Amino acid sequence: PATYTTRNSPIYHHDSDFEVFVDPLGSCHFYKELEMNALNTVWNLMLDKPYDDGGSEHSGRIAKFGDDNYYEVQRLKSAARVL
């Protein structure tokens, strides 16, 4: 079941979610990730390099607009439908 309703909440901790990873160069550096739960709560991030290599998350979950670690997909449209 989905519980989180606020954008950039840590939905991956408790909710079942749908995840898309975009890494056009196949380098595992600066790849983008989009996650959403059944309530259409969205979390997106950019990872500068793998966590095992000292990578850090860039997202609106951990940083505010203007901060170095801030990343947000602007004008994103998403929808969820549970049957």
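I looked up the surface first: the protein chain exposes about 5,800 Å², and carbon and sulfur atoms supply 55% of it. The accessible areas come from the Shrake-Rupley method with a 1.4 Å probe.

I noted that this is a predicted model, in which local features need pLDDT of at least 70, side-chain atom pairs count only at pLDDT 80 or more, and totals for chains, interfaces and linings use all residues. Residues are numbered from 1 along each chain as its sequence is written, and side-chain values use heavy atoms, with hydrogens and water left out.

Helices (H or I, at least four residues) and strands (E, at least two) are DSSP runs, numbered from the N terminus.

I turned to burial: 29% of the 83 residues of the protein chain count as buried. Buried means under 20% relative accessible area, exposed over 50%, and partly exposed in between (1.4 Å probe, protein chains only).

I checked the extent of the C-alpha trace, which spans about 40 × 30 × 25 Å along its principal axes.

My last entry concerns leucine 39, in the loop between β2 (31-37) and β3 (42-47). Leucine 39 counts as partly exposed because its relative accessibility is 47%. Leaving aside neighbours within four places in sequence, I found leucine 39 in contact (heavy atoms within 4.5 Å) with Ala2, Thr3, Tyr4 and Thr5. The C-alpha atoms of leucine 39 and proline 1 are separated by 9.2 Å, although these residues are 38 apart along the chain.
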